[in-house]
Structures are given as C-alpha cells and as structure tokens.
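Below is a short briefing on one protein chain. Look over the sequence and the model before reading the points.

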Amino acid sequence: QGQLETPREPKPGRAHLLLRDCPQVPERPKSPRMLSADLRRVWSRDWIPILLAQGVGVSCGLVGVRLVSTWVPPEQLGLYGLCLALVPAGAHLTHHGLARHAARFWPREGAAAYHRTLAAAARRASVILIGVLVIALAALASFTDVPFVACLPWLCLAGLAAAYGAVVHAVIQSLRHYWTDCALTCTHSVLRTGGPLIGLLVAGATAPMLLAGFAVPQALLAVFSWFVVLRLRAQTPAGVSIHPAPAPEELVRYGAAFWVVGACTLVSGALHRGWAAVCLDPVELGFFTLAGNLAFVVPNVVSAALSQFLAPRLFAQARQTADPEARSWLRPVERTAAACVLLSLGGTALLALLGPFLLGALVHPRYQGALPYLFANGAYATALALGHFYQLPALAAGRPGDARRAMIGLTVLLAAGGGVTAQISADAYLTWLSASPLAAAGWLAWSARGSSRP
C-alpha cells in the first residue's frame, strides 16, 4: 500500500471515439459559383494589375519609339543605346542576389531588423556598382565615340536607381501587392519615356543629355519607392515557414553567390549590341538600337507578366516545404517557358510583318532601315527571358549553384555564337539572333533536368 500507484491514462470520451473511428469525409468540391468567385478574385487581385502595368509599359514604349525616331539622329541613338546597356549592371550584378533574397525571405521575415540588414548590404553593393560602371564605361569609350566624362555621372545615377528599383519590386511582388507594383511600374514607364525628351529639349539630342534625362527621374522614383517599402514593412505579418530565419551574414553570402548569375545576365543582355557594333556601321547601329527598343517590348511584357504570376507562388510553396527540391517545380516552369516562347516569337513575328505599316505612324520614315532588325532583336530577347525562368526551380530549392551553372552555359553559348557570326557577316549575325531561342531552350532544359536529378 505504501507504493505509489501509476496514474492511468484517461479514457477517451465518446466524441473522441466517434472522430477516431469514423472514416475521413472527403472535402466537397467547390461549386461553380465558388470557382467563379475565386477566378474573379485572382483576376482582380493579380492578373489585372500585372497586365495593366505591362500595357502601360507597351504604350509608353511605342510613344517613345515615335518621339525618339523623330528627334534623335541615328548616330546619337546608337551611343545612347550603348550606355543604356550598362544601366542594368546593378539590377543584374551587384544587387541581383539581394533582390532574390528579399523575394525569397521577406514575406517570412517582415521585421525591421531584416530591412536594416538589407539596406546595409545594398549600400555596400552600391559602392561596388559605381566601380563596375566606371570600368565598363571606360572600356566602352575606348572603342566607340561615347564621351566618358559627360556620361559617367548620369550612368552611375541611373545604375543606382535601377539597382534599388529591382530590390523594391522584388519585395512588393513577393508580398503580392500587385496594385502597388502596378502604380510604381506605370510611373517608371512614363518617366522612362518622358525623361530623355526633357534632356533633349533642354540641351539637345546628344547621348549625355538623353542619359541625364533618363537618370534624374528614375533616381527620384527609386527614393520614393524605398519609402513605399518602409511603409509595407510595418504592414507585413510574419508568414508561415518551417525554415530557420537567416542570419545577416547569410544575406551577404547569398548575394555574393549571385555575382556570377548577375554577371552572366548582364553580359548576355548587353553583348548583342556590342557584337552589332562590330559588324554594323554607326548609322546601321542606330537602326539596330531602335529596332531593339521596339522589338524587346513584346518578349519583356510576356516574360514579366508570366514571371510575376509564377515566381511568388513557387517561393511560397518552398517556404512551406521541409525539403524543397528543384524537380518539384520544373514542370510548371517548363510549361510557362514554352508559353513565353510561343507568345513572344508570335508577337515579334507579327510586329515584323506589320513593320512597313508602322512607318510614319509609329516610326519616323528616316528609320526605315530598322525594320530588317526587328525579328532578330525580339528573338534574342526571348532567349534572355528563358534564362530567368529556368533559374526559378533552383532558387525555390535553395540551390543557387544550379542557377549559376545554367547561366554560365547560356552566356557562353550566346556570346560564342554572336561573336563567331558577327565576324562572318551581318547577315550571319542576324540569323544567329533569330535562332537563339532554340539554342537557349535546348541548353537550359538539359541543364535543369540534369541538376534536378536526386
């Protein structure tokens, strides 16, 4: 009697027994009315602002093509286009990993400490960005007529604005604040079109003044956008995740891991104009630049809309998975990439067919020589967009090394093909640009399937 009696487990109640023994009732399928309501909600919250932003961008781009072709001579437009090719250096190189990290982890963190760490890393990356732009512009001025001293301050200002804008848009899109992103994107499109014209009217149609008109409004917009992120920071709840929160040092390492990816994106995006300068004279280079401004619109709009819809959903699923694997999201990415190729090439082909009818209404007649370059530029832009899509499975699985290998191979492929064909003739170079989506799709699909094997 002196021993303690082991406590017995309480008997389950009747309700517990009933719940345990009863078979699981399958969830009732949604009624057509509920499905229709969900579809309307997705369209009003996601697709309408995404498509509206891209539509405004297209409209501003077309208006800009008309105004630039009327007031800017081909020689100055070619130099201005070469400088603009360096503006995304921050977005694709120094700040690329920071934008990816913010898109991947911001919805989970939503804390002031993370924002301060992100801002500090962005400041350090900005110092590196200025050095990169100085070296790149000096190299460009060594074999072209680009004025180094007159363009350098405006190029640095535009590059910093683009870099911070990329981080801001990554945060806003990851939170699925598509209407906020739509407002900022539409403002960016209007300023991108109207800013160079202000510089043109103030100081003439020269490459430095066009670049100044582009840089100043974009810098003001970047400052305003950063304050928008500060406001969203206080409104962001902590998301559901089973992964441990990253340390500040992880953000720095994560950004450094994307230097190679960013460098590949920057080189492949700018090199096609560099190779065009090898095989075309200055006037033809101006025609090629205008054709790129017009033809890049279609693939950029298609890829941006599909990416804004797909990427946040992949990252949200990854945050709720204990052991995410790249192959889990390869099939939806392949379907989206295929849709991007079909829509982009179809739209670019239609634009090339309608090219003669655009003279006078959209393009000034003196730029008639730009029409033969439309499809080649649009096809090359499609090849670049595929590289972005095939990075998403590796990023969702937390394996940036796979994205690095894929982008290194894509850059080598596009650079080698362009360099060899540009040395042969201009026609051979245009043929390569037109076939580049097929070569890019073949390499990226093979690389992604090889990297996703267990």
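In which helix is the place of G64? G64 sits in helix α2, which covers residues 32-71. The model is a predicted one, in which local features need pLDDT of at least 70 and side-chain atom pairs count only at pLDDT 80 or more, while totals for chains, interfaces and linings use all residues. Residues are numbered from 1 along each chain as its sequence is written, and side-chain values use heavy atoms, with hydrogens and water left out. Helices are DSSP runs (H or I, at least four residues; strands are E, at least two), numbered from the N terminus.

**Burial and contacts across the sequence**

- G64 counts as buried because its relative accessibility is 14%; buried means under 20% relative accessible area, exposed over 50%, and partly exposed in between, with a 1.4 Å probe and protein chains only.
- From G64 to L362 there are 298 residues in sequence, but the C-alpha to C-alpha distance is 9.2 Å.
- A339 belongs to helix α14, residues 330-358, and its relative accessibility of 29% makes A339 partly exposed.
- A339 is 37 residues from V302 in sequence and 9.0 Å from V302 in space, C-alpha to C-alpha.
- S425 is in the loop between α17 (400-424) and α18 (426-451), and S425 counts as partly exposed at 30% relative accessibility.
- Along the chain S425 and V278 are 147 residues apart, and their C-alpha atoms are separated by 9.6 Å.
- Helix α3 (residues 74-84) is mostly covered, with 8 of its 11 residues buried.
- The buried residues of α3 are P74, L77, G78, L79, Y80, G81, L82 and C83.

**The largest pocket**

- The largest pocket holds about 380 Å³ of space.
- Of its 19 lining residues, L86, A136, L140, A270 and L271 are the closest to the centre of the pocket.
- A pocket is an open set of points on a 1 Å grid over the protein atoms alone, where a 1.4 Å probe fits, with protein on both sides within 12 Å along at least five of seven lines; lining residues have an atom within 4 Å of a point.
- Grid points are joined across faces, edges and corners, and the volume is the space filled by probe spheres set on the points.
- Two or more lining residues come from each of α4 (89-94), α6 (112-143) and α11 (259-279).
- With 9 residues, α11 gives the most to this lining.
- The lining has 17 nonpolar residues, 1 polar and 1 charged; Ala, Val, Leu, Ile, Met, Phe, Trp, Tyr, Cys and Pro count as nonpolar, Asp, Glu, Lys and Arg as charged, and the others, Gly among them, as polar.

- α11 packs with helix α15 (residues 374-389) at an angle of about 165°, and their axes are 10 Å apart.
- This angle makes α11 roughly antiparallel to α15; angles under 35 degrees count as roughly parallel, over 145 as roughly antiparallel, 65 to 115 as roughly perpendicular and the rest as oblique.
- Axes are lines fitted to C-alpha atoms, for helices over the stretch in contact, and angles run from 0 to 180 degrees between N-to-C directions.
- α11 and helix α12 (residues 282-295) cross at roughly 155°, their axes coming within 10 Å, and are therefore roughly antiparallel to each other.
- The axes of α12 and α15 come within 8 Å and cross at roughly 55°, which means that α12 is oblique to α15.
- The crossing is right-handed for α11 and α15, for α11 and α12, and for α12 and α15.
- A crossing is right-handed if the near helix is turned clockwise from the far one by less than a right angle, and left-handed if anticlockwise.
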